[in-house]
Amino acid sequence: MSDVMYAGEPALEAHGLGMRYRRGWALRDCTFRLPAGRVCGLVGPNGAGKTTLLNIAAHVLKPTQGSLSLFGEAPGSVESGRRTAFLAQEKPLFRRFTVAETLRLGRELNPGWDQRAAEDIVRAGNVPFHAKIGTLSGGQRTRVAVALAFGKRPDLLLLDEPMSDLDPVVRHELMGTLLAEAGERGTTVVMSTHVLAELENVCDFLVVVSGGGVRLAGDVDDLMTVHTLITGVREGEGLPAALGYHTLVEARTSGRQFTALVRPEGPVTGPWEVAAPSMEELLLAYLRSPDAPPLITPTAQVQGQASGTGTVAA
Amino acid sequence: MGEVVAVEYRIDRRSGVPAFQQIVQQTKQALRLGVLVPGDRLPTAKDVAEKSAVNPNTTLKAYRELEREGLVEPRPGQGTFVRRTLGRPETGTDSPLYGELVAWMSKAAAAGLEQEDVAALVASALEKQYATGTTAVTGATTTRSTGE
């Protein structure tokens, strides 16, 4: 396995990216950097701009504002087109083609095509090669679409809600295939989802978009270590004053107890129980608290990005 | 070379213990119990990814940690191999220390303590003796290695 993933080259960089539809802004002032080789979870509520962001990267949409680059090139360029594969949410395939014909199309259209990798993925699901796409189940169609994306041997794989119509067994199996392939080839993966539990142990990088902007971005390890979950007994209304020293992401109270997710600015001392949050707890806290100060860790910052917005002292 | 992969990692996504730590703990547990012996090859990051849907970087991070502790060594192009075992006479179930613990447990049971009470006592005594600031204790009950 290569150590490419620790090189600094960004696979994707967004600069003040914005997209306005007739009904309003879907994405606004979105700035972050995704280093090559990461498996990145793109998280956000419905309508947060995840699909818009992926569509801009896949050169399906043109941004209203700002810019996005893939390996330093614009999304429309020949180079980035060759290096990128996009699996759209609706898995567009020709319904009247057979599975074999679909793979053949992939072979004809892509110079670096890997027929064996594509066939292996189809075969693992026992999808018949002579079946017409239109006759396949949703899960089988997803599998063929995944095979098509993998066969292209991309350096960057963009997946929009890839696992939404798969049963848990197939989901686990395809996720395993995806991670094994991506790890071996150093492929950068961006996958959007709102099934948070799906991301744990899968992603090593997270980008949370909500309310049009980036709320949280960075390596999972960094993000996890700078947050702490504190549980304790309430003192009157609200949180103990001593906690005000830390950056508060979310606080909730129930009965006599409070739970707070904070970014500690120093040692957390008090009669409280202190624990590391799970990834799901961390993501939920940010998704529930649109007013929490955003956090873009240094690895996720575009060069020259104002470090004022939620930089972590490492 | 020993082509038998002796362990399979069981990653608990809900435990709150980071996956790489679970891999480190389970490897050490397997070394302690003799499930893994020097010369064994650990599963590749690709194997672990395929079986458990765990990011390969996570597995590599765990292996680097084990390598730093001198327990395993990477051999280029072949994989990661066990260098030494963690098994010691004192950690076996036939050691005097184990006997004392069993005796203490039955005393605790005779005093009417429930399993949770005992676990809590053990956890806080462990913490007092070996305090390193981690929550590995709660994870220990779920740490388990399977396979031949």
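Tutor: Let us start with the pair itself: the axes of helix 6 (residues 168–185) of chain A and helix 2 (residues 45–52) of chain B come within 7 Å and cross at roughly 160 degrees, where axes are lines fitted to C-alpha atoms, for helices over the stretch in contact, and angles run from 0 to 180 degrees between N-to-C directions. Helix 6 of chain A is therefore roughly antiparallel to helix 2 of chain B, since angles under 35 degrees count as roughly parallel, over 145 as roughly antiparallel, 65 to 115 as roughly perpendicular and the rest as oblique. Helices (H or I, at least four residues) and strands (E, at least two) are DSSP runs, numbered from the N terminus.

This is a predicted model, in which local features need pLDDT of at least 70 and side-chain atom pairs count only at pLDDT 80 or more, while totals for chains, interfaces and linings use all residues. Residues are numbered from 1 along each chain as its sequence is written, and chains are lettered from A and ligands numbered from 1 in the order in which they are written.

On the side of helix 6 of chain A, the contact is made by A:Gly176, A:Thr177, A:Leu179, A:Ala180, A:Gly183 and A:Glu184, and helix 2 of chain B meets them with B:Ala45, B:Lys46, B:Ala49, B:Glu50 and B:Lys51. Two residues are in contact if their C-beta atoms, placed from the backbone, lie within 7 Å.

B:Ala53 lies in the loop between helix 2 and helix 3 of chain B, and its phi is near 50 degrees, a positive value in a residue other than glycine. B:Ala53 is buried, with 23 other C-beta atoms within 10 Å; a residue is buried if 20 or more other C-beta atoms lie within 10 Å of its own, exposed if 12 or fewer, and partly exposed in between, with C-beta atoms placed from the backbone. In chain A, A:Glu161 is found in the loop between strand 6 (156–160) and helix 6. A:Glu161 has a positive phi of about 45 degrees although it is not a glycine, and A:Glu161 is buried, with 21 other C-beta atoms within 10 Å.
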